[in-house]
Amino acid sequence: MTTQARPLTGLTLLEVGSSGPLALDLAIGFCGRIAADLGAHVIRVAERGGAAAQSTEAERIFLHSAKQNMSVAVLQRDELVRELAATADAIVCDATTQIALSSHGVKVPIACIGMSIDSPAGGSEFTVEARSGLLDLVGDPGRQPLRLAGHPLAYTAGTAIYLAMITAILQKIAGEAPGAKRVDLLDIGVWLNWKTLGLALRRGRIPTRAGSASEWFIVPCADGYVALVYRVQEWEALKQATGDPRLLGEEFSSVEQRRAHRTKLNVILSDIFSRMTRKDIRALSLKFKLPLGPVWTPAELLADSHMVARTFFHPVAVDDRNYLMPRLPVVWNGAAFPTVVKLRSASA
Amino acid sequence: MRSLADCRVLDLGIITAGAATSAILADLGADVIKIESPSYKDPFRRWSGQTFPGEHPDMPPFFRMTNRRKWNAAIDLKTPKGREVFLHLVSKSDVVVENFSRGVLARLNLTYATMREANPHIILASISSQGENGPDERYVSFGSTLEAMAGLAALTGYRDGPPEISGVDYNYPDQVVAVFVASMIATAWYARQNGAGGAHLDLSQRELTSFLAGETFLSERLLERVGNAQAHAVHQDCYRSFDGVWLAITVLEQDLPALRKMTGGDDEANVQTWIATTESSVVLKRFQDAGIAAGPALNGPGVLSQREDGWSRALGLATDGDVVKGVLFGDLTHALTLPRPTPHFAADTQDILMRIGGYSVEDIRALAAEGAIALNETKSGSMP
């Protein structure tokens, strides 16, 4: 991949770490990570012992390595933020900080985040996932609702903050007075869950977790697991690819029939794929254009041939320790934007 | 919000990932023209779920929810004339969004190179499962395929169970990609304003899914499935209350004194027993009073009941009163206008070709007669 000027080169972003729930700090940090990889000079000011102290070392390296990090006592933080705001092109912060900055007459484009309308600084990423209906969709119906690993909600919100920030900058360039932009974690969760709400509003089927009776589900294969993902248009290819006569029966001949006999169908599919390796399933999917998903672990992906071919991971050194850092997932005119490490210490 | 007010987008996006990206750009003020082919309409029209009584079979709710605030023009890109019309529109536009299977645009000879010949400043966002190169380039996927292939599913699941995916109703990677791609297009637009010229954005959904769990690749310990636990919380899980409601609880180290006072202990068994013998409303009130994070695990109707109290922007109303996708963020000083409803197939072909392409009525009739475009009597509404 070639070199390419980074699109945000010359832009200074002031990232103010949150003292509220960790989810806010992670979302703000994710926004700053995107901006830094795109070439912005990101100055992160965080309260010593604030929310970031709850995050893991891996999270801090992932989010903050490419930033100029300033960790200060709470009493110094507000004054430092106001001072740095004077020379920044944009600010990202939590809703509480945004109100304070506005009261001091700061006019720089601001994108901020709160947890929800009724509790801007209360709850956790997990409880907001619950309120947005996302937990209800994952897991087994006989067991507790389940969250997706990582920070799917906080990082989606962080991406939305980034979009809000760029929007504010574009408005300023266009000569408009950009109002402060506000993202709310609960609204983002509900936005992600739009299909459930679209059906619930129209009094249709109300989606909920269905476990092994789900349309898409995970089954063991010879050396791990595979996600059996397909829709009506892939059914013929699935039959052809597996060549199993049990799928030819009348009871699976239409979408309605397959829905009515889903449990039996899923048992047959489980049996078919139990004898294949993930490598076999990958080859089969490529050959028959099937959207089946071999389950790879993060450790396996570091050496995955496709990820390697696209240089998705690149070596970085933080505090004399070496890591393989995932790069920003965009290739821009043929060029990737590897993280340029500025972090001197992985501590909060 | 008019940050993309002068930006014209040709939307070849289909299903969720591409179509929702362009919908976000429309929210930011872009003039978005959804282009569908008479020989290949957006498949979301036919298999996106239920259509309810009185609804047009080509316009199911999920399609209407995603394609609001756009125009619709029907151009058959497989015909030489249709391709020519499209490239002429490219010369008058700023952004093209596409998420076809890899190889489709190349077969139509509509690559970035050909689009750049028509317009050196064009920004092409190519959204794909795996990216523009690599051994898995031709892999097809839905969102949950990528959860498996990107490392997310391996870490999602009960402690004693198999990996889990978000599934067909959530399909997390297909939702979040639209936010990320719209962000990258807005960035390319910003860069273009600073003299950067056009750009080809190669966006792999699999890479995005991995990036959204980026810290897992940096962890020095072996990661495993841990149910609902997260590193920063002492206890975090869903517990069923006496009245059968699943309640999500996050207990931090600093919450333990209050938890002990409330439940008589600070281990997980105490929490579980106390909640199992207490009404959900009481549990939530007591946790709230103690400053401990707690919330009900709601289903669709439950989430809707919190509209305006807990959330407000995620769903919106189109000008015809149809409930559609809302916006990602609020502008604390600017009001957002209601979106136009999703247009019918080919509703605006003639208007678009005249307004943007400069074609005459006679040209348009001739193009329609030879099948390069399709026309429809149903108009979207007045042009801006």
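Let's start in chain B, where three strands form an open sheet in the order 7-8-9, with antiparallel pairing; strands here are DSSP runs of E with at least two residues, helices are runs of H or I with at least four, and both are numbered from the N terminus. Two strands count as paired if DSSP finds at least two bridges between them. Strand 7 (235-240) and strand 9 (293-296) of chain B each have a single partner strand, so they stand at the edges with one side left without a neighbour in the sheet. From one strand to the next, the twist averages 15°.

Before we go on, a word on the model: it is predicted, so local features need pLDDT of at least 70 and side-chain atom pairs count only at pLDDT 80 or more, while totals for chains, interfaces and linings use all residues. Residues are numbered from 1 along each chain as its sequence is written, chains are lettered from A and ligands numbered from 1 in the order in which they are written, and side-chain values use heavy atoms, leaving out hydrogens and water.

Back in the sheet, four bridges link strand 8 (residues 246-251) of chain B to strand 9 of chain B in the antiparallel sense. Look for L247(B), which stands opposite P296(B) in strand 9.

Now turn to chain A. Here too there is an open sheet of three strands in the order 7-8-9, paired antiparallel. Its edge strands are strand 7 (217-221) and strand 9 (293-294) of chain A, each pairing on one side only. Strand 7 of chain A pairs with strand 8 (residues 224-228) of chain A over five antiparallel bridges, and C221(A) stands opposite G224(A). Helix 11 (residues 262-273) of chain A packs on this sheet, touching strands 7 and 8, and its direction makes about 35° with that of strand 7. Such angles run from 0 to 180 degrees between N-to-C directions, along axes fitted to C-alpha atoms, for helices over the stretch in contact.

How do the chains meet? In all, 138 residues of chain B are in contact (heavy atoms within 4.5 Å) with 132 residues of chain A. Together the two chains bury about 12000 Å², 67% of it on carbon and sulfur atoms; this is the accessible area (1.4 Å probe) lost on putting the two parts together, summed over both. Y158(B), F211(B) and L218(B) supply 7% of the area that chain B buries against chain A, more than any other three residues.

Between the chains there are 11 salt bridges (a side-chain nitrogen of Lys or Arg within 4 Å of a carboxyl oxygen of Asp or Glu). The side chains of D322(B) and R202(A) meet in a salt bridge, at 3.1 Å from N to O.

Finally, strand 12 (residues 331-332) of chain A and strand 6 (residues 199-204) of chain B run antiparallel, joined by two bridges. There, W332(A) has L201(B) as its bridge partner.
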